[in-house]
Amino acid sequence: MPARAPDRRRLLRRALTLAGAAALPAPGQVFAQTAGPPTAAAPQTRAIPRSGERLPLVGLGSWITFNVGNDATAREACADVMQAFFAAGGRLIDSSPMYGSSQDVIGHGLRRPGALARVFAADKVWVSPASRGPAQMETSRRLWGVPRFDLLQVHNLLAWHEHLPLLLEMKAAGRVRHVGISTSEGRRHDEVEQVMRSQPLDFVQLTYSLRDRRAEQRLLPLAQERGIAVIANRPFEQGSLLRQLQRHPLPPWAGEWQCTSWAQLALKFVIAHPAVTCAIAATTRVDHVRENVGAARGPLPDEAMRRRAVAWVESLA
């Protein structure tokens with residue numbers, strides 16, 4: 001059951017106290033992108049329905065890839081990936097307390113000149129009981145080194161009845177800019193649908209790929225109907241989709257999509273869906289992050305072309 005209003009007010013006061021030392025930009029302020037010129041034409045963007053702010057169609061995930069602990073060489077490699085991501089025109093980086101050292105590693109990368117001005121910082125709350133949520137969110141903010149998060153999501157719906165009212169109150173107070181929920185690997189779609197229908201969400205994060213298209217059935221149409229932005233996670237299915245596809249040559253029509261790799265084709269399929277605001281792909285390599293952001297350039301396939309891609313991939317199985 002949802003927390004009672006007095007409990008939510010108490011949690012909110014605690015959250016505001018913990019975050020009180022942070023110097024916050026004005027509500028709704030968008031940081032200027034001043035960290036140097038992009039390496040190529042800017043990627044295509046899509047608007048967040050509730051705020052109108054535009055996001056590049058390809059973002060950066062941090063699950064597994066940024067969980068490198070205190071390895072100095074690996075931390076610098078992750079910072080290089082972030083720097084290349086921003087230079088290519090990317091903005092949204094997604095993480096979670098669940099992801100080991102990833103938040104601290106992101107914070108390390110954001111200390112490079114100009115990085116904070118570019119990032120759209122998306123994190124999650126993932127703790128039970130919900131009374132521990134404010135402290136966890138403040139720890140996450142300090143690890144990132146951001147004045148506030150652009151997006152906070154209830155990770156995998158854990159204790160969402162308690163966390164979500166607090167996030168909405170934090171948004172109203174200007175302590176977070178957008179709120180949402182997340183799920184992964186096609187789990188709990190019935191409950192996700194319930195939350196999407198009943199709560200004023202800005203974002204929903206879910207799994208969507210060339211091979212895993214379950215979100216097309218109800219969640220993506222519902223997001224369009226309700227004006228909810230969609231972050232598509234696992235577009236490469238943690239690499240298993242690409243490992244399957246890379247055993248085969250690109251289809252002859254890949255050039256029509258201006259794709260030079262299976263990774264770009266897989267990403268273009270996802271971001272071409274009109275409900276998808278941003279697809280997040282994780283990587284440890286600078287060349288791969290540039291390739292991924294490159295999928296947001298050039299033409300996007302129409303529905304007939306997307307159906308052709310599905311049929312082609314299914315023929316390879």
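How many nonpolar, polar and charged residues are in the lining of the largest pocket? There are 11 nonpolar, 17 polar and 9 charged ones, with Ala, Val, Leu, Ile, Met, Phe, Trp, Tyr, Cys and Pro taken as nonpolar, Asp, Glu, Lys and Arg as charged, and the others, Gly among them, as polar. This is a predicted model, so local features need pLDDT of at least 70 and side-chain atom pairs pLDDT 80 or more, while totals for chains, interfaces and linings use all residues. Residues are numbered from 1 along each chain as its sequence is written, and side-chain values use heavy atoms, leaving out hydrogens and water.

- The 37 lining residues include W63, Q238, G239, A281 and A282, the closest to the centre of the largest pocket.
- α11 (286–294) is one of the elements supplying at least two lining residues, and its 3 residues are the largest share.

**The core**
- Setting aside residues up to four places away in sequence, W144 touches I93, L110 and F149, among others (contact means heavy atoms within 4.5 Å).

**H273**
- You'll find H273 in the loop between α10 and β10 (helices are DSSP runs of H or I, at least four residues, and strands of E, at least two, numbered from the N terminus).
- H273 counts as buried because its relative accessibility is 10% (buried means under 20% relative accessible area, with a 1.4 Å probe and protein chains only).

Conventions: On a 1 Å grid over the protein atoms alone, a cavity is a set of points where a 1.4 Å probe fits but cannot get out, and a pocket is an open set with protein on both sides within 12 Å along at least five of seven lines; lining residues have an atom within 4 Å of a point. Buried means under 20% relative accessible area, exposed over 50%, partly exposed in between (1.4 Å probe, protein chains only).
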